[in-house]
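Biologist: Please pick one part of this model and walk me through it closely, starting with what it packs against. Spell out your cut-offs as you go.

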Amino acid sequence: MNRLLLAAYPEPYRSRQGEEVLACLSEAYPGRSWPPPREVAALVRAGVQARARAVVDDTARPWWLDGIHLAALALAALALVPYLQDVWHWALHIDPGQHAVAFRFSGWYPWADGSGPTRLLPYGLLPLVCLIALLRGKPWIALPVAATMIWAGATSHGRTLFGDEGKRGLSYYGLGAPITARDLLLSGALCAACAVLALCRPSRLRRRSYRWLAPVVLAMFMAGGLHIISVSPAFQRGLFVVEVAALIAAWVATAATGDYRWLIPVAAVAFIRTQAIVVQPDAFMQSFPNLVVLLLLIAPLPVLAITAQRRENRALAD
């Protein structure tokens, strides 16, 4: 189990010092397959710092381009989150029955029970393809997919292709900030980010391994196998934990390097979700008061900016 902790470190570090770290853990905690929580937190934090320094030391691309790339990845994941169960059911040819994701009736696939029109593809397949393309540094593939997301949310012509969940289906409720697929600001921002990446010499973009999709597959398995839809309390609590962990990782990376690139994805997600609170569609489920949600969304931005500035000042002083 200790080897899982090494995944937080970049590959060169694992090659040079991985066995040494494992030996130290075995010596410090004999007979244990997992160190104490405090040691786990320290190792993960050191791993995030090492990854952040490796990213900053790579000068193949400007920091702002890398930041926009991270923002596009975050927005694609944000659009995919509500449809994890739906895509899993479609991929494995499962009839979700009464567990369908906020549809007017069960299934909406030819093999599913229920009356009325059927659909060919789940809407969530679009952000999934966009996410995979961006992970591999191929924005020219992600761009038309993001444009299709805009079309699916703005028109009714895709009824038998994606179904009308692209227009009416309830979507993301994290921290009381609902975003529906028909909210074009999310898909529009994702499309704009992909366009910038496609125009700015995409060969310079960072290409990540397919192993980064492992958490996505795990999330699909959890949501689809256990029938946990996006409006359930368990889903929301799990999503809140993931968001907090991502914000902490962004703060650790910023504090270690003084770089502003991690501020861009945090600002993009905060902007999209703040807009969703202000607009407040008819189907609105609040898990926290609006003011609390706005503070939780906006507060990380000045924190990251101040952290980066202090790190820069400290580096200049040294």
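**A close look at helix α7**

Modeller: Start with the neighbours: the buried residues of α7 pack against α4 (63-80), α6 (125-135) and α8 (184-199). Packing here means contact, with heavy atoms within 4.5 Å, and buried means under 20% relative accessible area with a 1.4 Å probe, counting protein chains only. Helices are DSSP runs of H or I with at least four residues, numbered from the N terminus.

Some ground rules: this is a predicted model, where local features need pLDDT of at least 70, side-chain atom pairs count only at pLDDT 80 or more, and totals for chains, interfaces and linings use all residues. Residues are numbered from 1 along each chain as its sequence is written, and side-chain values use heavy atoms, leaving out hydrogens and water.

So who is buried in α7? Pro139, Ala142, Val145, Ala146, Met149, Ala152 and Gly153. Looking down the axis of α7, those residues stay within an arc of 130 degrees (taken from the directions from the helix axis to the C-beta atoms), so they line one face of the helix.

Helix α5 (residues 84-91) is mostly covered, with six of its eight residues buried: Leu84, Gln85, Asp86, Val87, Trp88 and His89. After α5 comes His93, with a positive phi near 60 degrees.

Methods:
Buried < 20%, exposed > 50% of the residue type's maximum accessible area, 1.4 Å probe, protein only. Helix = DSSP H or I, 4+ residues; strand = E, 2+ residues; numbered from the N terminus.
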